[in-house]
Amino acid sequence: MKQCEGVLGTEEQAAKLNAVIEESKSTPGCLMHILQEAQAIYGYLPLPVQKTIAEGLNISLSEVYGVATFYSQFSLKPKGKYKISVCLGTACYVKGSDKILQEVEKELGIKVGECTEDGLFSIDSCRCVGACGLAPVMMINEDVHGRLKPEMVKGILDSYRREEQ
């Protein structure tokens with residue numbers, strides 16, 4: 001089977017992906033499972049990984065790409081070690097989550113869907129995290145930060161930066 005050409009990864013990652021494809025390809029409807037495993041291996045689904053999956057399953061790249069772009073759980077771009085998600089659901093938005101998001105973007109120098117150059121942070125938005133009583137809410141990985149004000153963003157991000165030192 002062809003290796004993932006052009007992917008910034010290891011031979012071990014490519015071997016894991018190839019093993020997942022080999023184990024799963026005879027199971028009907030295995031594409032979702034393989035994409036989930038590939039994203040777990042690489043952290044996202046770059047084009048070379050999608051090509052490897054398409055070739056391994058003997059399906060078109062457009063079919064793999066179509067599934068990868070249809071479901072929001074999949075990412076075609078790398079994510080940071082700390083995945084920031086700012087809730088833009090009604091309760092959060094009414095209480096100013098748009099300003100929280102603007103402050104996060106300003107503080108990190110990136111926009112929604114992007115990752116910082118050092119790979120530390122990435123930003124996304126979501127519609128609801130189920131913590132409406134804490135609105136506005138931002139999640140960083142599994143940590144919930146609620147009742148936010150824009151001036152709190154820098155301190156929160158700095159606490160994650162300090163963890164890296």
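This is a predicted model: local features need pLDDT of at least 70, side-chain atom pairs count only at pLDDT 80 or more; totals for chains, interfaces and linings use all residues.

Q: In which sense do β1 and β2 run, and how many bridges join them?

A: Strands of a sheet pair through backbone hydrogen bonds, in either a parallel or an antiparallel sense. Here β1 and β2 run parallel and are joined by six bridges. Tyr82 stands opposite Phe121 in β2.

Q: What is the order of the strands in the open sheet?

A: The four strands are arranged as β2-β1-β3-β4, and the pairing is mixed. β2 (121-126) and β4 (143-145) stand at the edges with a single partner strand each, so one side of each has no neighbour in the sheet. From one strand to the next, the twist averages 20°.

Q: Is β1 largely enclosed or left open by the rest of the structure?

A: A residue is called buried when its relative accessible area is under 20%. Five of the six residues of β1 are buried, so the strand is largely enclosed by the rest of the structure. In the protein, 43% of the 165 residues are buried.

Q: How many residues of helix α3 are buried, and against what do they pack?

A: Helix α3 (residues 47-57) is mostly covered, with eight of its 11 residues buried. Among them are Val49, Ile53 and Leu57. The buried residues of α3 pack against α1 (11-24), α2 (31-42) and α4 (61-70). Just after α3, Asn58 adopts a positive phi of about 55°.

Q: Why does Glu151 count as exposed?

A: The cut-off for an exposed residue is over 50% relative accessible area. Glu151 has a relative accessibility of 62% and therefore counts as exposed. Its place is in the loop between β4 and α7. Glu151 and Glu103 are 48 residues apart in sequence, and their C-alpha atoms are 8.1 Å apart in space.

Q: What is the volume of the largest pocket, and which residues are the closest to its centre?

A: Rolling a probe the size of a water molecule over the atoms shows where empty space is left. The largest pocket has a volume of about 270 Å³. It is lined by 13 residues, of which Ser72, Phe74, Ser75, Lys79 and Asp124 are the closest to its centre. By class, the lining of the largest pocket divides into three nonpolar, six polar and four charged residues.

Q: How many helices and strands does the protein have, and in what order do they run?

A: The protein has seven helices and four strands. From the N terminus on, its elements run α-α-α-α-β-α-α-β-β-β-α. The C-alpha trace spans about 50 × 35 × 20 Å along its principal axes. Of the contacts with a separation of 6 or more, 58% are between residues 24 or more positions apart.

Technical notes
Residues are numbered from 1 along each chain as its sequence is written. Side-chain values use heavy atoms; hydrogens and water are left out. Two strands pair if DSSP finds at least two bridges between them. Helices (H or I, at least four residues) and strands (E, at least two) are DSSP runs, numbered from the N terminus. Axes are lines fitted to C-alpha atoms, for helices over the stretch in contact, and angles run from 0 to 180 degrees between N-to-C directions. On a 1 Å grid over the protein atoms alone, a cavity is a set of points where a 1.4 Å probe fits but cannot get out, and a pocket is an open set with protein on both sides within 12 Å along at least five of seven lines; lining residues have an atom within 4 Å of a point. Grid points are joined across faces, edges and corners, and a volume is the space filled by probe spheres set on the points. Ala, Val, Leu, Ile, Met, Phe, Trp, Tyr, Cys and Pro count as nonpolar, Asp, Glu, Lys and Arg as charged, and the others, Gly among them, as polar. Buried means under 20% relative accessible area, exposed over 50%, partly exposed in between (1.4 Å probe, protein chains only). Contact means heavy atoms within 4.5 Å.
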